[in-house]
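Here are a few friendly notes to read alongside the coordinates.

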Amino acid sequence: MNRNQVLPQVELSTDPKALSRIDFCAPQSYQGAGFLEISVLPRVAEEASSIEPGDGFHWQVKTHFAHSPGSEPQQILELVIKGRIHLVCQSCLQDCGLDLAQDSRFVLVTTEEEADTFPIEDDQQEPLVASQHFDLLGLIEDEILLSLPLIPKHPAGACQPHASSFGVGADVDDASEKPQNPFNILKNMKKN
């Protein structure tokens, strides 16, 4: 590829089916943006506790070729995802609306071997094997899943106790009683 060559810029479709087969092997740059509802992301939908109106993810993709000294230019894919999903709060077991944001940068490589030899020290970008039928929708879904918190929680102080929590719903009379000491039984046994 000539360094001075101007590559065509292709606008990506917002149709989820079209995002499942992008030709990243072609010598062209891509850009696009759109909104994906959670219902078109089956693995993300499995994680959601409920789907509210407006839940989903805005995505933006842009590719360009970066020149590297002594080698062919590398195609760089930049992916930005922002959205909202409802998960179960692990503190109160109630629905918890979470806003997520993920910025990712990938280097498109031609073979699995090239991806395996990519420098692991480079934590700013990851290698992806380009293909003529690249599943961009799957990559977007993967990045959403990777950005989900391990233990989803409401912000501090926003949790409301769950009805099945210990001590909630107990009668006031029960709270005034002192719990029976289990050693009193042993004490009485010793006296007998």
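1. Which residue in strand 4 does Trp 59 stand opposite? In this predicted model, the residue opposite Trp 59 is Ile 81.

2. Another place to look is Gln 60, whose bridge partner in strand 4 is Val 80. On strand 5, Val 80 has Asp 103 as its bridge partner.

3. Strand 4 also pairs with strand 5, again antiparallel, through 14 bridges. These two strands make a hairpin with six residues between them.

4. Zooming out, the six strands form an open sheet in the order 1-2-3-4-5-6, and the pairing is mixed. Strand 1 (9-11) and strand 6 (126-129) are the edges, each pairing on one side only. On average, neighbouring strands are turned by 25° against each other, ignoring direction. Helix 3 packs on this sheet, where it touches strands 2, 3, 4, 5 and 6, and its direction makes about 55° with that of strand 4.

5. The largest nonpolar core has 35 residues, and Phe 24, Phe 57, Ile 85, Leu 136, Leu 139 and Ile 140 touch the most other members. Strands 2, 3, 4 and 5 and helix 3 each give two or more residues to this core. Beyond its neighbours within four places in sequence, Leu 139 contacts Leu 77, Leu 79, Phe 106, Leu 128 and Phe 134. A separate core of five residues includes Ile 76, Val 107, Val 109 and Phe 118.

How values were computed:
Residues are numbered from 1 along each chain as its sequence is written. This is a predicted model: local features need pLDDT of at least 70, side-chain atom pairs count only at pLDDT 80 or more; totals for chains, interfaces and linings use all residues. Side-chain values use heavy atoms; hydrogens and water are left out. A nonpolar core is a set of buried Ala, Val, Leu, Ile, Met, Phe, Trp, Tyr and Cys residues joined through side-chain atoms within 4.5 Å. Buried means under 20% relative accessible area, exposed over 50%, partly exposed in between (1.4 Å probe, protein chains only). Helices (H or I, at least four residues) and strands (E, at least two) are DSSP runs, numbered from the N terminus. Contact means heavy atoms within 4.5 Å. Two strands pair if DSSP finds at least two bridges between them. Axes are lines fitted to C-alpha atoms, for helices over the stretch in contact, and angles run from 0 to 180 degrees between N-to-C directions.
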